[in-house]
Amino acid sequence: MSNKWINLSDKVVIVTGGAGGIGEAMVRNFAANGARTISADIKINEEYKNIELIDSIICDVSSKKSIDNMVETVFKKYGRIDGLINNAGVGRIRLLIDYYGKKPEMESSEDDFDYMVNINQKGVFFCSQAVARIMVNQKRGVIVNVTSEAGIEGSKAQSIYAGTKAAVHAFGLSWAKELGPYNVRVVGLEPAMNERTNLGGGGYFEELSYARGQEPDPKKIHSDYSKKIPLGRLGRLEELADLACYLVSDHASYITGTTISITGGKSKG
Ligand SMILES: NC(=O)c1ccc[n+]([C@@H]2O[C@H](COP(=O)([O-])OP(=O)(O)OC[C@H]3O[C@@H](n4cnc5c(N)ncnc54)[C@H](O)[C@@H]3O)[C@@H](O)[C@H]2O)c1
């Protein structure tokens, strides 16, 4: 799952949502390349206990207090923070209104709104604020915000999710202007459709099918996606993890204030 290809042995990197999915691929890749890597997640990945360079800290990014505790703990232990990957994110498939009139629960509620905004948007803001204080003092650091192609192109039945991702893209543009003079870079990493992670769990496919007026057939939905991707396949989690490693490395020292699309060309043709 991970490969050694870049030297990150002088880096201390926090990955939020690092216990599973894309975050897990990133945590494993950072550690494989020598970075002291901290998975900050609401759950612990027990497999990390056997990997020397990985630490796990329980952190709920929807809580500023939990974020501040996590960042303080990391800084106290290592005395520096070189990278923050704002990866923790959640999605619920919801329509603006239930125009089919059969599933009122598919209409976006206040709870849906607060849940996605608190984790995807507020969480990114306060993780970045806590870490930026340290990075500005160090005059060194990189913040990578995991956005989504949905935030640029829009996505049927994902308007709240897409809105949070567009906001996070915009955060990065502004923070790059604020933090650039302190040698702190801010970059967005924009995936589209990838190998299965837990983001597609629960009733995801049934809900997506209903919202899009399709038969609930996961295979069909996935093959339809692949047809929309010029490279003809879903993204691999390692590909996203490699990009995160590169962006945190000094090889990317002139990249800031932009979001890098890693989508196999989806929505570009
Ligand atoms: N999977 C995709 O195809 C895809 C596409 C575009 C963007 N993204 C983005 O990539 C990121 C990772 O998604 P994923 O597919 O790996 O999701 P996932 O559900 O597989 O993993 C998310 C991780 O975040 C953690 N998490 C959830 N709530 C949290 C909280 N409040 N505080 C801290 N950690 C929390 C979970 O425990 C889990 O380990 C998200 O920001 C998502 O929006 C994913």
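How many salt bridges does the structure hold? I counted through the model, which is a predicted one, and the structure holds 18 salt bridges. I then looked up several of them one by one.

**Entry: Glu 24 and Arg 28**

I began in helix H1, where Glu 24 and Arg 28 are four residues apart, and therefore separated by about one helical turn. The two form a salt bridge, and their closest N and O atoms are 2.9 Å apart. I checked how far each is covered. Glu 24 has 14% relative accessibility, so I wrote it down as buried. Arg 28 has 15%, and I noted Arg 28 as buried too.

**Entry: Arg 36 and Asp 55**

Next I took the salt bridge between Arg 36 and Asp 55, with the closest N and O atoms 3.5 Å apart. This pair links distant parts of the chain: Arg 36 sits in strand S2 (residues 36–41), Asp 55 in strand S3 (residues 54–58), and 19 residues separate them. Arg 36 counts as buried at 18% relative accessibility. For Asp 55 I found 16%, which also counts as buried.

**Entry: Lys 76 and Glu 72**

Glu 72 comes out as partly exposed, at 43%. The N to O distance in their salt bridge is 3.2 Å. Both belong to helix H2 (residues 64–78), and because they are four residues apart there, about one helical turn lies between them.

I also noted a network in which salt bridges share partners: Arg 92, Arg 94, Asp 111, Asp 112 and Glu 207 are joined in it.

**Entry: the ligand**

I turned to the ligand and listed what surrounds it. There are 27 residues around the ligand, and those that come nearest are Ile 22, Asp 41, Asn 87, Tyr 161 and Thr 197. I sorted the shell by class and got 13 nonpolar, ten polar and four charged residues. Helix H1 (21–32) supplies at least two residues of the shell, and so does helix H5 (159–179).

Which atoms of the protein lie 3.3 Å, 2.8 Å and 3.1 Å from atoms of the ligand?

- A backbone N or O atom of Gly 20 is 3.3 Å from an oxygen atom of the ligand.
- An N or O atom in the side chain of Asp 60 is 2.8 Å from a nitrogen atom of the ligand.
- An N or O atom in the side chain of Asn 194 is 3.1 Å from an oxygen atom of the ligand.

I then looked up the cover. On its own the ligand has 830 Å² of accessible area, and the protein covers 93% of this area.

**Entry: a nonpolar patch**

On the surface I found a nonpolar patch formed by Leu 96, Ile 97, Tyr 99 and Tyr 100, with about 440 Å² of accessible area together. Tyr 100 is placed in the loop between strand S4 (83–86) and helix H3 (110–138). Its relative accessibility is 35%, so Tyr 100 counts as partly exposed.

**Entry: two positive phi values**

Which residues other than glycine did I note with a positive phi? One is Lys 139, with phi near 60°. I located Lys 139 in the loop between H3 and strand S5 (141–146). Lys 139 counts as partly exposed, at 49% relative accessibility.

The other entry is Ala 157, whose phi is about 70°. I located Ala 157 in the loop between helix H4 (149–153) and H5. The relative accessible area of Ala 157 is 7%, so I put it down as buried.

**Entry: Ala 241**

Last, I looked up Ala 241, which lies in helix H8 (residues 237–248). Ala 241 is buried, since its relative accessible area is 0%. I also took a distance along with it: the C-alpha atoms of Ala 241 and Gly 101 are separated by 41 Å, and the two residues are 140 residues apart along the chain.

Note on methods. Residues numbered from 1 in each chain as written. Predicted model: local features only at pLDDT ≥ 70, side-chain atom pairs only at ≥ 80, totals over all residues. Heavy atoms only, no water. Patch = residues over 30% accessible without salt bridge, like charges linked within 9 Å, V, L, I, M, F, W, Y side chains within 5 Å. Areas by Shrake-Rupley, 256 points an atom, 1.4 Å probe, with all protein chains shown as cover. Salt bridge = Lys/Arg side-chain N within 4 Å of Asp/Glu carboxyl O. Buried < 20%, exposed > 50% of the residue type's maximum accessible area, 1.4 Å probe, protein only. Near = heavy atom within 4 Å. Polar contact = N/O pair within 3.5 Å; in protein donor to acceptor, adjacent residues only side chain to side chain. Nonpolar A, V, L, I, M, F, W, Y, C, P; charged D, E, K, R; others polar.
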